[in-house]
Amino acid sequence: MKKQIVGISLITFMLSLLFVFPFLGTFFSGNSRGTAFENNTISPFFLQNENSHIVFVYFGYVGCAKICTPSLEEISSAYRNLKDVEPRLKLYFVNLDPTQSSDGPDIFAKAFNEEFQGVYATQQQIEELSRAYNLAITGRENEMGHTSSLFMFVKRPSGYVLKNIYATHPYPIKQIMIDLQKVQ
C-alpha cells in the first residue's frame, strides 16, 4: 500500500512538471508579463500565406472547456482594444487534436470571435509545433492538458518571428498593448 502511494505521488509530480517547465523561464527572468524573444526565426506552417504585421497564436483543442474556453473568452473581450493599436492584427487558434474534423477548429475559433482563424494540424504538424514552441501537452483521452500561453509573432522579411509568449493569467492586456505599440 505504501509503495502504491509513493508511486502515484511520484507519477503525479512528474506529470505536473510538464506544466511547470514552460513557465520557469518567465519566473526566473523576473518578467511576469511574458517571455521576450529576439532573432527567433521559427515560422509556423499556417502563417506561410499570412500578410498581417502581428499575429497572435493560441494552441488548444476543439471542445476544451477548462483551459481554452476561458482563455479564448478573455482574448476575445480584449481583441477590439488590441485591434485599435494594430488594425491588421490576427489571431490563430491551432487545434492540438488531430482526431477532430478539419473544419472544427475554425468553427470553434469563430464561436469566440468571427475574426479568429482556426487551424487544423495533423499529428506530425502537432509534434513539430510542440517541439518548436515547447508546448506541454498531456493526455489524449476525454480531456487533454496543455499550456494556455498566448504567442505573439511579428512579420519580418525572413518570415514570422516569435516575439513574446504571454503565460500569466489573466493575460496582461495593458502590457500586450504596450508591446504592440513598440513593434509598430
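Which residues does Lys83 touch, not counting residues up to four places away in sequence?

View 1. Lys83 touches Leu89 and Glu115, with residues up to four places away in sequence not counted. Contact means heavy atoms within 4.5 Å. The model is predicted: local features need pLDDT of at least 70, side-chain atom pairs count only at pLDDT 80 or more, and totals for chains, interfaces and linings use all residues. Residues are numbered from 1 along each chain as its sequence is written, and side-chain values use heavy atoms, with hydrogens and water left out. Lys83 is buried, with a relative accessible area of 18%. Buried means under 20% relative accessible area, exposed over 50%, and partly exposed in between (1.4 Å probe, protein chains only). The Lys83 side chain reaches the backbone oxygen of Pro87 at 3.0 Å. A polar atom of that side chain also lies 3.4 Å from the backbone oxygen of Leu89. Helices (H or I, at least four residues) and strands (E, at least two) are DSSP runs, numbered from the N terminus.

**View 2. Glu50 in the loop between strand 1 (35–36) and strand 2.** At 7% relative accessibility, Glu50 counts as buried. Its side chain and that of Tyr92 are joined by a polar contact of 2.3 Å. A polar contact is a pair of N or O atoms within 3.5 Å; within protein, one must be able to donate a hydrogen and the other to accept it, and residues adjacent in sequence count only if both atoms are side-chain atoms. Beyond four places in sequence, Glu50 touches Val55, Lys90, Tyr92, Lys155 and Tyr160.

**View 3. Aromatic pairs.** Rings of Phe, Tyr and Trp (its six-membered ring) pair if their centres lie within 6.5 Å; planes under 30 degrees apart count as stacked, over 60 as edge-to-face and the rest as tilted. By this rule the count comes to 11 aromatic pairs. The rings of Phe56 and Tyr166 have centres 6.5 Å apart and planes at 50°, so this pair is tilted. Phe56 sits in strand 2 (residues 54–60) and Tyr166 in strand 8 (residues 159–166), 110 residues apart. Phe56 and Tyr166 are buried. For Tyr79 and Phe116, the ring centres are 5.0 Å apart and the planes at 85°, so the pair is edge-to-face. Tyr79 lies in helix 2 (residues 68–85) and Phe116 in the loop between helix 3 (104–110) and strand 4 (117–119), so the pair ties together parts 37 residues apart in sequence. Tyr79 and Phe116 are both buried. One aromatic cluster is formed by Tyr58, Phe93, Phe108 and Phe112.

**View 4. The largest nonpolar core, with 47 residues.** Such a core is a set of buried Ala, Val, Leu, Ile, Met, Phe, Trp, Tyr and Cys residues joined through side-chain atoms within 4.5 Å. Phe56, Val57, Phe59, Leu72, Leu150, Phe151 and Leu180 have the most contacts inside the core. At least two core residues come from each of strand 2, helix 2, strand 3 (90–95), helix 3, helix 4, strand 7, strand 8 and helix 5. Phe59 touches Val94, Leu96, Leu129, Tyr133, Leu135, His146, Thr147 and Phe151, not counting residues up to four places away in sequence.

**View 5. The hairpin of strand 7 and strand 8.** There are 2 residues between strand 7 and strand 8. The two strands run antiparallel and are joined by 7 bridges. Strands pair if DSSP finds at least two bridges between them. Phe153 has Leu162 of strand 8 as its bridge partner. In strand 8, 8 of the 8 residues are buried, so the strand is largely enclosed by the rest of the structure.

**View 6. Backbone geometry at Pro170 and Asn134.** Most residues other than glycine have a negative phi, and most peptide bonds are trans. The peptide bond from His169 to Pro170 is cis, with omega near -5°. Pro170 is in the loop between strand 8 and helix 5. At 62% relative accessibility, Pro170 counts as exposed. Asn134 is not a glycine, yet has a positive phi of about 55°. Asn134 lies in the loop between helix 4 (123–133) and strand 5 (137–138). At 48% relative accessibility, Asn134 counts as partly exposed.
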